[in-house]
Amino acid sequence: MQVKDSRIPLRHEVRPFFQPILSLQTQEIIGYETLGRRIREDIVESLGPFFKNPDIPEDVQLLIDRHLRERAIEQLASTQDESLLFINLKPSWIYRTYKRTGVLPTIELLRKYDINPARIVIEVTEEEFTGKLQELTQIVELYRQFGCIIAIDDVGSGFSNFDRIASLQPKILKIDLNILKKSAIHAGYKALMQSFSILAAQMGASLLVEGIETKQELHSALQVGARYVQGYLFSKAEPYLQHKDGFKPMLKEEMGLFSQGEFQRNRHLSVIHQSLEAVTQSAIRILTAEDADQLIEHTTTTVTENCIRIYICMEDGYQISSNYIRKEDAWNKDDSYRGANWTWRPYFISNILMMNLQKQGILSQVYTDLDTSHQIQTYSCALGDGYYLFLDLLI
């Protein structure tokens, strides 16, 4: 008589649960990630350990996964809810199944239950993948052509690489919260987090931060440009779909507090703007490097304490002035930067154009300073006659 392996659930014991994903744009639930649960004697257990156990045959895991997937799609089809459904698929499973059968079972299920594929987000999960990336990309493209949305899960947690992200061209990057948590205390992780934000913007993708458990983590997600959030702060995975506006009051309140905090944090900008008005209208006309330095020396008496560096460039990118650097409440002059060209920085030309169009100063995104490794922003404004003043500000 064969003894049943207790690690392997029976089909009637497993069912999909749904964890809401919220849009910070609308403050509504826009979708759900479907997660597997095992129910025995009214005790609910995560199927995560089952799917991660290398001792359980992959074919057995795949059968349970497909059963869960069908039950989730069937439940979605039976409701009037128009939410998205996020489905996790391992790259190796997608790759081997299609190579062996030429069939993508998820697409067959969408046809069977007449689900609009635009409501399905295919999350390509984090795992080491040893197949050919080009072939995986071609298979994932079949989901995209069918109308599904492509996402990459747990970006930055271990196996992800920019090659895979660039090749699969996802519309959603799902960020591992551990990076976000570490970014609050470690400059390197903060830079990495910002790189994902920039990458998403450049690719036309959206950031989804999962694992949000506290309001502070929600604010951190807002700071890095998350469009979507998910986590226990809102809801654990439940066996049912929830009202789409259920978390709107809390989100509106927290987003309002976040906005107030950001305006308060940047209140010094109005002081800087007012103090620079007198500078930009001064009688000092820049003809030489010495003129530029004289104007900066006049400026140092008016700027706020978080200003650590001041310099003047021409619109062709060449720095005409010295660098004026604040150290221990004193300003030091470094004329070695005269003649340096800054057009190699990708934002320089666009900022010059922006200032010319808007006729006012602008503030850069937060970035890490090359010399000090501090997190800074640069405030820049036009001085007239093709000269521009730059102030580097600690945040």
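Colleague: Which hand does the crossing of H2 and H4 have?
Modeller: The H2 and H4 crossing is right-handed, meaning the near helix is turned clockwise from the far one by less than a right angle. This is a predicted model, where local features need pLDDT of at least 70, side-chain atom pairs count only at pLDDT 80 or more, and totals for chains, interfaces and linings use all residues. Residues are numbered from 1 along each chain as its sequence is written, and side-chain values use heavy atoms, with hydrogens and water left out.
Colleague: OK, and at what angle do the axes of H2 and H4 cross?
Modeller: Roughly 30°, and the axes come within 10 Å (lines fitted to C-alpha atoms over the stretch in contact, angles from 0 to 180 degrees between N-to-C directions). That makes H2 roughly parallel to H4 (angles under 35 degrees). H4 is residues 105-112, and helices here are DSSP runs of H or I with at least four residues, numbered from the N terminus.
Colleague: Which residues of H2 make that contact?
Modeller: Arg 66, Arg 69, Glu 70 and Ile 73, and they meet Pro 105, Thr 106, Leu 109, Leu 110 and Lys 112 of H4 (contact is heavy atoms within 4.5 Å).
Colleague: What about H2 and H3, at what angle do they cross?
Modeller: H2 (residues 58-77) and H3 (residues 91-101) cross at roughly 95°, with axes within 12 Å. So H2 and H3 are roughly perpendicular (65 to 115 degrees). Glu 58, Gln 61, Leu 62, Asp 65 and Arg 66 in H2 meet Ser 92, Trp 93, Arg 96 and Thr 97 in H3.
Colleague: New topic: what does Ile 212 touch?
Modeller: Its contacts include Leu 177, Val 229 and Phe 234, not counting residues up to four places away in sequence.

Key
Helices (H or I, at least four residues) and strands (E, at least two) are DSSP runs, numbered from the N terminus. Angles under 35 degrees count as roughly parallel, over 145 as roughly antiparallel, 65 to 115 as roughly perpendicular and the rest as oblique.
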